[in-house]
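Hello,

Here is the structure I said I would pass on to you. Please have it open while you read, and my notes follow below.

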Amino acid sequence: MSDGGGLLRADVAGDALFRPVRAGNAFEETVSRLLQAIRLGIVPPGEALPSERDLATRFSVSRDTVRDAIRSLSDAGFLVSRRGRYGGTFVVDAPPPRVAVSGIDGFATSAPPTAEEIEDVLALRDILEVGAARSAATRSLTAGDRELLWTRLRETAAATIADYRRLDSRLHLTIGELVGAPSLVPLLAENRMLVNGLLDDIPLLQPNIEHSNQQHEAIVIAILTGDAERAASAMQEHLEGSAALLRAFLA
């Protein structure tokens with residue numbers, strides 16, 4: 001990516017968006033902040049982003065993280081790179097519209113879900129999945145349970161992009177199964193269908209997949225070692241990453 005140096009308009013919104021991101025989900029938060037800056041017109045169509053160096057400093061992340069975020073948004077049609085003396089990374093003249101999500105089972109109509117509906121889905125996911133991870137870590141797991149969880153982790157890590165969502169869902173549902181509360185799994189499955197309906201309408205970003213796989217490993221290791229609080233915090237951090245992307249693209 002070019003290291004061209006666009007300048008931000010100095011205002012409260014710009015200061016709020018171009019502040020340090022949380023370290024736990026640096027890539028997702030960087031994508032979210034850049035996308036919000038584009039959508040809110042902080043960096044208007046046709047204007048250049050600040051340089052990678054400047055963005056890395058503002059966000060307190062590595063230049064590799066900034067580069068991955070810019071590349072992902074370029075692939076999604078929001079940014080374009082131009083070479084030469086006046087080159088840089090520019091917001092496209094006509095950024096894609098907000099992603100329309102329709103036909104998701106569980107919503108009242110086929111219209112795109114409202115911000116309130118999205119937050120409802122994410123809030124319930126947080127309660128169910130963080131609680132499931134914590135509870136699973138307190139259980140006395142059998143050798144078969146442990147092997148199943150580790151197998152699901154390996155399958156997800158090795159998944160192609162086409163299979164990733166399905167295997168990711170299976171890993172999360174397996175964690176719920178290990179809690180040993182039969183009524184929990186249908187709730188997780190129903191919520192996961194809604195989450196996947198949202199996720200299917202945003203770009204599947206390779207750096208996010210790699211980051212998710214690292215977080216999955218941290219969650220699974222915490223469960224297998226019986227560290228309930230670490231399992232819960234690792235799951236919380238994991239969910240916050242995907243929630244940041246969903247809010248950025250859909251809200």
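**What I found**

F18 and F59 are both buried (buried is under 20% relative accessible area, exposed over 50% and partly exposed in between, with a 1.4 Å probe and protein chains only). Before going on, please note that this is a predicted model, in which local features need pLDDT of at least 70, side-chain atom pairs count only at pLDDT 80 or more, and totals for chains, interfaces and linings use all residues. Residues are numbered from 1 along each chain as its sequence is written, and side-chain values use heavy atoms, with hydrogens and water left out.

Back to the two rings. The structure has 2 aromatic pairs (ring centres of Phe, Tyr or Trp, the last by its six-membered ring, within 6.5 Å; planes under 30 degrees apart are stacked, over 60 edge-to-face, the rest tilted). One of them is the stacked pair of F18 and F59, with 5.5 Å from centre to centre and 15 degrees between the planes. F18 sits in the loop between α1 (12-17) and α2 (26-39) while F59 belongs to helix α3 (residues 52-59), so the pair ties together parts that are 41 residues apart in sequence.

R19 is also in the loop between α1 and α2, and at 40% relative accessibility R19 is partly exposed. Leaving out residues up to four places away in sequence, R19 touches R33, R58 and F59 (a contact means heavy atoms within 4.5 Å).

S60 lies in the loop between α3 and α4 (63-75). Its phi is positive, near 60 degrees, although S60 is not a glycine. S60 is exposed, with a relative accessible area of 52%.

**The chain as a whole**

The protein chain has 10 helices and 2 strands (DSSP runs numbered from the N terminus: H or I of at least four residues for helices, E of at least two for strands). Along the sequence the order is α-α-α-α-β-β-α-α-α-α-α-α. Of its 251 residues, 48% are buried. Among contacts with a separation of 6 or more, 73% are between residues 24 or more positions apart.

The largest pocket has a volume of about 370 Å³. This pocket is lined by 19 residues, and S32, Q36, A243, A244 and R247 lie nearest its centre. At least two lining residues come from each of α2, α5 (115-138) and α10, and α10 gives the largest share, 7 residues.

Happy to talk any of this over.

Best wishes

Notes
On a 1 Å grid over the protein atoms alone, a cavity is a set of points where a 1.4 Å probe fits but cannot get out, and a pocket is an open set with protein on both sides within 12 Å along at least five of seven lines; lining residues have an atom within 4 Å of a point. Grid points are joined across faces, edges and corners, and a volume is the space filled by probe spheres set on the points.
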